[in-house]
Amino acid sequence: MSITPLTALPSGHRAAPVFRGRIGRDARSGHYAVPHRFRLHLSTACPDGLRLAVGHSLLGLDGSCPVTVLPAVPDCPGGGHSALRPLYEASAHHYTGPALAPVLSDDWSGRIVSTHARDILRDLDRFLREGRAALYPCDQESVIQAVERMCAEGIEEAAQRAGQAGAGPAERAAALDVLLDTLGRLESRLAAEAYLVDDRLTAADVELWVTLVQLDTVHRCHLDASAVHRIAGHRALWAYARRLAAHPAFGRHLDLDGISRRHHGRCQGLEAAGAAVQILDWAGHAADAEDASRR
């Protein structure tokens with residue numbers, strides 16, 4: 001079936017990551033993909049950490065790229081983790097900023113390769129094992145980038161603005177319209193296809209699923225019941241989220257308590273009636289994923 005490519009929303013401005021090294025394909029790159037050299041440091045309560053944990057599992061990298069799981073709530077000012085401080089100090093002379101996660105480190109040198117989550121996931125694809133499909137098919141990169149932009153701007157940022165404390169009713173309503181329009185476009189795609197790209201799991205699905213987790217567990221709490229009802233009305237979209245939550249590579253990484261504690265530690269949004277209306281039973285679907293992983 002032919003599906004019209006998703007169109008990205010206009011790009012916004014994002015803070016530059018502190019470290020942005022890349023893993024190459026051979027020794028000339030400096031950082032090249034070799035088993036047991038690199039390590040991920042992440043918190044699955046953080047959206048970027050959850051994306052990396054899911055992608056890491058889909059790629060089957062448990063035996064070749066270990067993961068250090070960090071606490072849900074950072075233990076240092078500015079959102080930093082004390083466990084990451086030695087890596088940051090070894091990687092940047094007189095570094096004074098927060099030691100933020102996620103991090104891809106090089107165990108050979110004891111230094112940081114990258115703190116840019118999307119680059120890291122793309123580079124983990126270089127560890128691709130025989131018989132496993134790539135998360136970034138070479139002919140679908142533009143579509144995956146469009147999904148990333150839609151999730152970041154059309155869902156994440158729009159949901160934040162729709163529930164932002166201090167914003168006027170017109171501003172919140174306009175943001176909600178952007179959110180619903182984006183969800184509607186994704187709904188149309190998923191009503192016809194099981195996955196977003198190439199009729200199989202790719203990084204686009206990881207991106208959207210984590211964004212939907214955040215929408216239901218975090219942003220929902222700052223929207224009124226009417227808005228949540230309209231969001232929940234995208235049945236194909238939430239059926240897709242439920243199906244992926246029951247997949248072992250997705251659901252077993254859900255730290256719902258950690259997401260809640262992390263959110264309440266930094267929450268600046270409105271408190272609204274939508275908080276009482278959960279769209280999906282994430283805990284139940286995650287339990288199904290855990291059972292499936294044991295079989």
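Where is His94 found? His94 sits in the loop between H2 and E3. This model is predicted: local features need pLDDT of at least 70, side-chain atom pairs count only at pLDDT 80 or more, and totals for chains, interfaces and linings use all residues. Residues are numbered from 1 along each chain as its sequence is written, and side-chain values use heavy atoms, with hydrogens and water left out.

**Overview**

- The protein chain has eleven helices and four strands. Both are DSSP runs, numbered from the N terminus: helices are H or I with at least four residues, strands are E with at least two.
- The protein chain holds 295 residues, and 49% of them count as buried. Buried means under 20% relative accessible area, exposed means over 50%, and partly exposed lies in between (1.4 Å probe, protein chains only).
- Take contacts in the protein chain between residues at least 6 apart in sequence: 74% of them join residues at least 24 apart. A contact means heavy atoms within 4.5 Å.

**The sheet**

- Four strands make an open sheet with mixed pairing, in the order E2-E1-E3-E4. Two strands pair if DSSP finds at least two bridges between them.
- Strand E2 (67-69) and E4 are the edge strands, and each pairs on one side only.
- From one strand to the next, the twist averages 35 degrees. Axes are lines fitted to C-alpha atoms, for helices over the stretch in contact, and angles run from 0 to 180 degrees between N-to-C directions.
- Strands of a sheet pair through backbone hydrogen bonds, either parallel or antiparallel.
- E1 and E3 pair in the antiparallel sense, over four bridges. Leu40 has Leu104 in E3 as its bridge partner.
- Helix H1 (residues 47-58) lies across E1 and E2. H1 runs at about 140 degrees to E1.

**Aromatic pairs**

- Rings of Phe, Tyr and Trp (its six-membered ring) pair if their centres lie within 6.5 Å; planes under 30 degrees apart count as stacked, over 60 as edge-to-face and the rest as tilted.
- By this rule there are five aromatic pairs. One of them joins Phe19 and Tyr88 edge-to-face, at 5.6 Å centre to centre with 70 degrees between the planes.
- That pair links distant parts of the chain: Phe19 is in the segment before strand E1 (38-42), Tyr88 is in helix H2 (residues 85-91), and they are 69 residues apart.
- Phe19 is buried at a relative accessible area of 12%. Tyr88 is buried too, at 1%.
- The Tyr32 and Trp108 rings have centres 6.3 Å apart and planes at 80 degrees, so this pair is edge-to-face.
- Tyr32 lies in the segment before E1, and Trp108 in the loop between strand E3 (103-106) and strand E4 (111-114), so the pair ties together parts 76 residues apart in sequence.
- Tyr32 is partly exposed, at 25% relative accessibility. Trp108 is exposed, at 52%.
- Phe19, Tyr88 and Tyr95 form one aromatic cluster.

**Charges over rings**

- Arg37 lies over the face of Tyr32, 5.4 Å from the ring centre. The rule asks for NZ of Lys or CZ of Arg within 6 Å of the ring centre and within 35 degrees of the ring normal.
- Arg243 lies over the face of Tyr195, at 5.2 Å from the ring centre.

**Backbone details**

- Most residues other than glycine have a negative phi, and most peptide bonds are trans.
- The peptide bond from Ala101 to Pro102 is cis, with omega near 0 degrees. Pro102 lies in the loop between H2 and E3.
- His94 has a positive phi, near 55 degrees. His94 is exposed, with a relative accessible area of 66%.
- Asp199 has a positive phi near 55 degrees. Asp199 is in the loop between helix H5 (169-192) and helix H6 (203-217).
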